[in-house]
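Q: Hi! Could you walk me through this structure?

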Amino acid sequence: MKVLAMETSTLLGGVAVVIDGQVVAEESSLRQKTHSENISPFVDHCLKKAHLKLEDIDVFAVGRGPGSFTGIRVAANAGKTFAYSFNKPMVTIDTLMLLAAQVKDKSKPALSIINAYKNMVYMGLFDITGAEPIYIKGPDAVPVRELKNHIHSDCLVVGDGWEAYSEYFPEELMKKFSRDPQLPDHALASTLGLMAERRALSGRTLDWKSFVPLYIRASEAEETKKGILISPLK
């Protein structure tokens with residue numbers, strides 16, 4: 001099976017090609033403002049490296065968020081366009097779940113936290129002992145100062161919410177957290193491609209019209225219009 005995976009929900013935007021369980025090409029960039037500029041050349045480079053054309057792809061995979069509203073739309077629009085144009089199925093996977101899937105230590109739950117800005121994080125707490133992560137709690141958008149109310153046991157933390165806000169986590173919360181410095185804090189397109197292939201092989205696909213992004217919050221413009229303020233950190 002040939003999968004083209006696109007993940008642009010967070011600061012790291014990437015494209016990967018997976019063929020029969022192997023990542024054969026991957027391109028990525030940490031510059032969020034250029035995801036829309038990078039998506040087409042990344043797709044072209046990955047297809048060329050894999051010696052494929054778009055019409056050869058069996059499944060188009062997209063990270064559905066949460067994350068940047070603009071970023072989510074970049075991969076979503078590309079994936080829907082390709083799926084429609086070539087009459088192929090899609091697989092969409094939560095970005096929080098992709099982060100949890102990258103955790104190697106399965107001895108404790110994984111907490112994925114993505115910087116949602118305005119002193120908030122997108123969070124998902126996962127059981128990662130099975131074939132793919134399963135939500136224990138979330139997905140949700142949580143003020144940083146309220147995160148402690150959602151975590152009641154030890155967990156391994158992954159995601160760029162750590163770098164953004166860990167200095168504001170209270171001591172009792174930090175005692176429950178562990179980190180693996182080898183783990184990327186952004187969801188990789190290759191992780192998406194591998195998970196998407198497994199889902200597609202088990203028939204868990206959808207058509208382009210059924211795709212729904214996972215925004216969780218209103219857009220920044222909508223929140224500003226409604227007078228929603230930045231959440232205090234303490």
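This is a predicted model: local features need pLDDT of at least 70, side-chain atom pairs count only at pLDDT 80 or more; totals for chains, interfaces and linings use all residues.

What follows is a chat about the domains, their interface, the salt bridges and some backbone features.

Q: Good to know. Which domains does the chain have?

A: The domain assignment gives domain 1 (2-94 + 186-219) and domain 2 (96-178). Taken over C-alpha atoms, the centres of domain 1 and domain 2 are separated by 24 Å.

Q: How many residues of each domain are in contact with the other?

A: On the domain 1 side there are 23 residues, in contact with 20 residues of domain 2.

Q: And what is the area buried between domain 1 and domain 2?

A: About 1600 Å² is buried between domain 1 and domain 2. Carbon and sulfur atoms give 61% of that area.

Q: What about polar contacts and salt bridges across the interface?

A: The rule finds two salt bridges across the interface of domain 1 and domain 2. It also finds nine residue pairs in polar contact there, both residues at pLDDT 80 or more.

Q: Which element gives the largest share of the domain 1 side?

A: Helix α6 (residues 189-201) does, with five residues on the side of domain 1 that touches domain 2. By class, that side has 11 nonpolar, six polar and six charged residues.

Q: Let's stay with salt bridges. How many does the count come to?

A: Five by this rule. One of the pairs is E132 with R199, whose side chains meet at 2.7 Å, N to O.

Q: Where do E132 and R199 lie?

A: E132 is in the loop between β7 (120-127) and β8 (134-143), while R199 is in helix α6. The pair links distant parts of the chain, 67 residues apart.

Q: Are E132 and R199 buried or exposed?

A: Both E132 and R199 are buried. E132 counts as buried because its relative accessibility is 19%, and the cut-off for buried is under 20%.

Q: With which other residue does E132 form a salt bridge?

A: E132 forms a salt bridge with R204 as well, with the closest N and O atoms 3.4 Å apart. R204 lies in the loop between α6 and α7 (220-225), so this pair ties together parts that are 72 residues apart in sequence. R204 counts as partly exposed, at 45% relative accessibility. Taken together, E132, R199 and R204 are linked in a network of salt bridges.

Q: Nice. What about E171, which residue does it form a salt bridge with?

A: With K175, where the closest N and O atoms are 3.9 Å apart. E171 is exposed, with a relative accessible area of 58%, and K175 counts as exposed at 64%.

Q: Changing topic: which peptide bonds are cis?

A: The bond from G65 to P66 is cis, with omega near 10°. P66 lies in the loop between β4 (59-63) and α2 (69-86). The bond from G138 to P139 is cis too, with omega near 0°, and P139 has its place in strand β8.

Q: Where are H51 and K118 found?

A: H51 is in the loop between α1 and β4, and K118 is in the loop between β6 (110-117) and β7. H51 is exposed, with a relative accessible area of 73%, whereas K118 is buried at 17%.

Q: I'm also curious about S29. Where does S29 lie, and is it buried or exposed?

A: S29 lies in strand β3 (residues 22-29). S29 is buried, with a relative accessible area of 11%.

Q: What is S29 in contact with?

A: Leaving aside neighbours within four places in sequence, S29 is in contact with L11, L12, G13, T34, H35, N38 and F42.

Q: Last one: where is K49 found, and what does K49 touch?

A: K49 is found in helix α1 (residues 35-50). Not counting residues up to four places away in sequence, K49 touches V24 and A25. K49 is exposed, with a relative accessible area of 57%. The C-alpha atoms of K49 and V121 are separated by 36 Å, with the two residues 72 residues apart along the chain.

Key:
Residues are numbered from 1 along each chain as its sequence is written. Side-chain values use heavy atoms; hydrogens and water are left out. Helices (H or I, at least four residues) and strands (E, at least two) are DSSP runs, numbered from the N terminus. Buried means under 20% relative accessible area, exposed over 50%, partly exposed in between (1.4 Å probe, protein chains only). Contact means heavy atoms within 4.5 Å. Domain bounds come from an automatic or database domain assignment. Buried area is the accessible area (1.4 Å probe) that two parts lose on being put together, summed over both. A salt bridge is a side-chain nitrogen of Lys or Arg within 4 Å of a carboxyl oxygen of Asp or Glu. A polar contact is a pair of N or O atoms within 3.5 Å; within protein, one must be able to donate a hydrogen and the other to accept it, and residues adjacent in sequence count only if both atoms are side-chain atoms. Ala, Val, Leu, Ile, Met, Phe, Trp, Tyr, Cys and Pro count as nonpolar, Asp, Glu, Lys and Arg as charged, and the others, Gly among them, as polar.
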